[in-house]
Amino acid sequence: MSSRPRSPMARPMSFVWTRRIVLTLLGLFAALPVYVMLSTSLKPLQDVTDKFQWFPGSLTLRPYIDIWHTVPLAHYFMNSIVVSVAATGLSVLVAIFASYAVSRYHFRGKRIFTITVLSTQMFPGILFLLPLFLIFVNIGNVTGIALYGSRAGLIITYLTFSLPFSIWMLAGYMESIPRGLDEAALVDGCGPLGALFRVVIPAAVPGIVAVAVYAFMTAWSEVLFASVMTNNTTRTLAVGLRGYSTQYDVYWNQIMAASLVVSVPVVAGFLLLQRYLVTGLTAGAVK
Amino acid sequence: MRRITAAIAAITTVTALAGCGGGTATGNGGNKSPKTLTYWASNQGKSLDDDKQKLTPELQKFETQTGIHVKLEVVPWTDLLNRILAATSSGQGPDVLNIGNTWSASLQATGGLLPFDAATFAAIGGKDRFVPSALASTGAAGKDPAAVPIYSLAYGLYYNKKLFKAAGIANPPATWSELVTDGKKLTSGGKTGLAVEGANNSENIHHAFVFAKQHGADFFDAAGNPTFATPGTVAAVKQYVDFIASDKIAAAGDAEYAQNQSVADFAKGKAAMLLWQAAGVQLKERGMNPDDWGVAPVPVQTGAPGSGTGVNTMVAGINLAVFKNTQNRDGALKFVKFMTSDDEQKILNGKYGSLPSVSSAQQDPQFSNPELTVLKEGLAKSAAALPQVPKESQFEELVGTAMKDLFADAAAGRPVTTESVQKRLMKAQQQMQG
Amino acid sequence: MTAPTSTTTPSRGGGTGDGPGPFPGSGRAGKKPRRTFGIGRGAVPYLLVLPALLLELLIHIVPMAVGIVMSFKELTQFYIRNWGQAPWRGFDNYRVAVNFHAPIGEALLRSFGITCAFTVLAVGFSWLFGIAAAILMQDSFRGRGLLRALFMTPYALPVYATVIIWAFMLQHDNGLVNHVLHDQLHLSSKPAFWLIGNNSFVSLVVVSIWRNWPFALLVLMAGMQNIPDEMYEASAIDGAGVWQQIRHITMPSLRPINQVLVLVLFLWTFNDFNVPYVLFGQSAPPAGDLISIHIYQASFLTWNFGSGSAMSVLLLLFLLVVTTTYLAVTSRTRRTSNV
């Protein structure tokens, strides 16, 4: 798919056998849980809570029907999509601006900026969860902008989670784009923004896609902040899926079915964009 | 360097501003928005949606009666305490909410809940309407209650009649030594005498508390200081853990149960006995024939259940509280009155299989089936409320975890001795702070 | 923190080329002078970084500073409603946290040790699996695309799903792991416990690897694409076998990317909250008591935020020291070593 094939060279048998064995083992390791997920989602709950069976004794599609009303899955899914997509879009946009400045300009305070932004990647979430929550509530009290409990609050929180890594990767990627290109645009009379939008961004697409995928995955999976900052109308999938484990019982088959259903679009998108991810990361992280 | 200093100064200023802005949760509510209420219900049914369906018709009734619209949110137990915490620290929360009744004193200490003083009780129809034992778990002694009970529960000993018959046991055990003897007879061929929920902190705490009472011990002294590792509490914890460790009447695998697997095992006939609160509805849900199981009072050490060392259940249940920052205090109290009215108590507890917390509603014949009669008796005569101290949640966390670890030891075949129990409990006590 | 230095593009003779780092102007010595734009001198770069700066201030910096303030307060349930009024405790919270002879400090230290061991193992194996698969998948072969898609799947699933599936498989009575190890392979005399007791540490490591190694693979695959074919061809002409090529070309070329990858994996793994939280619920067994869940218990379950914040600040300091040292050491070795 992505990496270009190496010129076929005769490989020694030791290499070929190592490859077969190692990749088979890794394949089993990766596939086993996915298989269990799939098979469990097709079993009635009775069978699931009994001794493990490799093959479903009785097949049922019932869990795939029940998932939609045990918890409001479609609603959570929409929330997750809205939050993740918006956080991704904004994060990428903000990162593009910042990384453009970092890669193309010298300015006082650049070092502090980069160090500060990168070090936020280290902050333990536990430390700033409660303060952040209080700040959101206070902003709401003072300005009337509801950040707590709203999707907007979650969106700006998540976008900053991916921002440090995104700025860093994109700045690296932009470094690899010859400066001559945007200088030419500047000479042609474009402003700095014109040069950014007409020349640098088109040239940085793989890097941008890589960053976008990363930002999306970050927002898509976050549990801790979502559990405190959402309510039943804004709850995201990452915490919503816990609804299948209730006061009564754990609906394992429905958990698996729901996880699979909501993951299909994401996994598909991820695999489609994988090619960009590889090239984007290449220049971003290495160059 | 100057710039760094400037940056730090800037950040400090912003922080100071935010700091001053923090903790504005001091308002005491009022009646600014009399037409709506937000209600956080806890997850009592088999799913969040199930709760919604059970509660919505009642909320509509309330709206017809009073014109107040109730916005319902069913909060999963995994999130409830964190959400309450967030609400308390920010002042931004629901108007009315459900709390686990053991949390009452902890939440009372935050000052975030409206105290039910005489006037407030008068507004909801009086204090003496409630079952006295249920009222015992609504806050610290000598303080106005932080909540009122709405669903009451107690523990009972559920036993599988078929398995008892097959083992030639005529009656359910009345003392723990009988339970162990019977349990050993019942433990054979992949079946066990008893199912326990060994990795569930709350269950562990509830049982440890009752065993401690029966040994004449308490986890807190009168001044509210922890006394986790007294001979009585050690004996209590050991007696419970021994069901796996030395009596071996519960399966080792039970040590990792935390999600009602013990109820599932009982329903499937894998375990012959279960100590649970109002399990009837769940057992039905899990397809167990109602004729196959019976309920008996939870055993005692000797004699018969009663007060003192005859205590055989904790006061279990759910309380309803009003958030102090509510913008619709009158409406909130009307709602509390509605939810604790005889009619609603009968309807709601009927739906959930629990007991009404209001004496008059408890008389209703639907709460006199054999199961609920046993629980009702227990609640009335031989129940004690968990310690009503602010540190209760720390206690649940620390002692609950210590017991989970002891069960893990037992399951792995490591010996559980008086010394090892004492050591763990002592460590838990030393970790209490604040 | 110094931004990672750039790729060395090893040429055949083994000299190092020095390209620009990802963050130009981040203070590396001996940088070539760089042209800047004449236009936009002044405000433009500041306007460009402003959104990022404001957001970081709002979401990270200020809350973090508030968190640090909290760590000096007695912020228990009695004061949570009005935490501005909570009494100052000076360094008391810190003193309690680092008093390793008392139970609270001892538990924190233990949890810290477990987290270190967990991080080393999880990051080590994630990297090992990633590099092995990346090297072995360089040549095209039948099914390579499919295999890569399979390898990536765990990373694309929501975290909750990836962990809950393992929780399901690791159950004592009905789990797949015991079914295979005990019932089918008869490797143990009785089924083991994976979610409680000492094995829970192993479970954590395995789950973390399962989730994170695809990321290592992805990054390393990307890095390998940057190694010019000519280098391999030239070394093949010189008679180098595939194993020698891996040792003398692939590994040295990947060094800069490894530096970044290991750091990122380290930070993610060390701070990981989701895996233990979903796997064990709110109270982790002693052997699986990672620092993040430990602090969560200390602050959220017992509502003692002063103490919890103090522990978090200590954790942050540790991470800062490790990261700075790591970058300093790896950058220096790279600069001085001649590949």
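Student: Let's start with two helices. Which residues in α9(B) meet which residues in α10(B)?

Tutor: Keep in mind that this is a predicted model. From α9(B) come H207(B), A208(B), F211(B) and A212(B). In α10(B) they meet G232(B), T233(B), A236(B), V237(B), Q239(B) and Y240(B).

Student: What classes do the residues of that contact divide into?

Tutor: Six are nonpolar and four are polar. No charged residue takes part in the contact of α9(B) with α10(B).

Student: At what angle do the two helices pack?

Tutor: The angle is about 125°, and the axes are 8 Å apart. In chain B, α9 covers residues 201-214 and α10 covers residues 231-245.

Student: So what do I call that arrangement of α9(B) and α10(B)?

Tutor: They are oblique to each other. Roughly antiparallel would need an angle over 145 degrees.

Student: And is the crossing left-handed or right-handed?

Tutor: α9(B) passes α10(B) in a right-handed crossing.

Student: What does A245(B) touch?

Tutor: Set aside residues up to four places away in sequence. Then A245(B) touches A410(B) and V416(B).

Student: How far is A245(B) from K270(B)?

Tutor: Their C-alpha atoms are separated by 19 Å. Along the chain, A245(B) and K270(B) are 25 residues apart.

Student: New residue. Where does F266(B) lie?

Tutor: In helix α11 of chain B, which spans residues 261-267.

Student: Why does F266(B) count as buried?

Tutor: Because F266(B) has 28 C-beta neighbours inside 10 Å.

Student: Which residues is F266(B) in contact with?

Tutor: Leave out its neighbours within four places in sequence. F266(B) is then in contact with Y158(B), N160(B), A195(B), A271(B) and L274(B).

Student: What about T192(B)? How far apart are F266(B) and T192(B) in space?

Tutor: They are 9.5 Å apart, C-alpha to C-alpha. In sequence, 74 residues separate F266(B) and T192(B).

Student: Let's zoom out. What domains does the assignment give chain B?

Tutor: Domain 1 is 36-153 + 315-384, and domain 2 is 155-314 + 391-430. Each one is written as two stretches of chain B. The C-alpha centres of domain 1 and domain 2 of chain B lie 27 Å apart.

Student: How many residues of each domain are in contact?

Tutor: 21 residues of domain 1 of chain B are in contact with 22 residues of domain 2 of chain B.

Student: Which element gives the most to the domain 1 side?

Tutor: α16(B), with seven residues. The elements of chain B that each supply at least two residues of that side are α4 (104-110), α16 (370-381) and β12 (383-384). By class, the side of domain 1 that touches domain 2 has 11 nonpolar, six polar and four charged residues.

Student: Now the other chains. How many residues does the contact take from chain A and chain C?

Tutor: 98 from chain A and 101 from chain C.

Student: Which helix gives chain A's largest share?

Tutor: α13(A), with 17 residues. Other elements giving two or more residues include α1 (13-41) and α4 (73-104) of chain A. The side of chain A that touches chain C has 65 nonpolar, 22 polar and 11 charged residues.

Student: Which way do α7(A) and α10(A) run, roughly parallel or roughly antiparallel?

Tutor: Roughly antiparallel to each other. α7(A) and α10(A) pack at an angle of about 160°, with axes 9 Å apart. The crossing of α7(A) and α10(A) is right-handed.

Student: Who makes that contact?

Tutor: On α7(A), the residues include Y158(A), F161(A) and S162(A). On α10(A), G207(A), I208(A) and A210(A) are among them. The contact of α7(A) with α10(A) divides into 12 nonpolar, four polar and no charged residues.

Student: Last one. How many helices and strands are there in chain C?

Tutor: 13 helices and zero strands. Buried residues make up 52% of the 339 residues in chain C. Take the contacts in chain C with a separation of 6 or more: residues 24 or more positions apart account for 64% of them.

Note on methods. Residues are numbered from 1 along each chain as its sequence is written. Chains are lettered from A and ligands numbered from 1 in the order in which they are written. This is a predicted model: local features need pLDDT of at least 70, side-chain atom pairs count only at pLDDT 80 or more; totals for chains, interfaces and linings use all residues. Domain bounds come from an automatic or database domain assignment. Two residues are in contact if their C-beta atoms, placed from the backbone, lie within 7 Å. Helices (H or I, at least four residues) and strands (E, at least two) are DSSP runs, numbered from the N terminus. Ala, Val, Leu, Ile, Met, Phe, Trp, Tyr, Cys and Pro count as nonpolar, Asp, Glu, Lys and Arg as charged, and the others, Gly among them, as polar. A residue is buried if 20 or more other C-beta atoms lie within 10 Å of its own, exposed if 12 or fewer, and partly exposed in between; C-beta atoms are placed from the backbone. Axes are lines fitted to C-alpha atoms, for helices over the stretch in contact, and angles run from 0 to 180 degrees between N-to-C directions. Angles under 35 degrees count as roughly parallel, over 145 as roughly antiparallel, 65 to 115 as roughly perpendicular and the rest as oblique. A crossing is left-handed if the near helix is turned anticlockwise from the far one by less than a right angle, and right-handed if clockwise.
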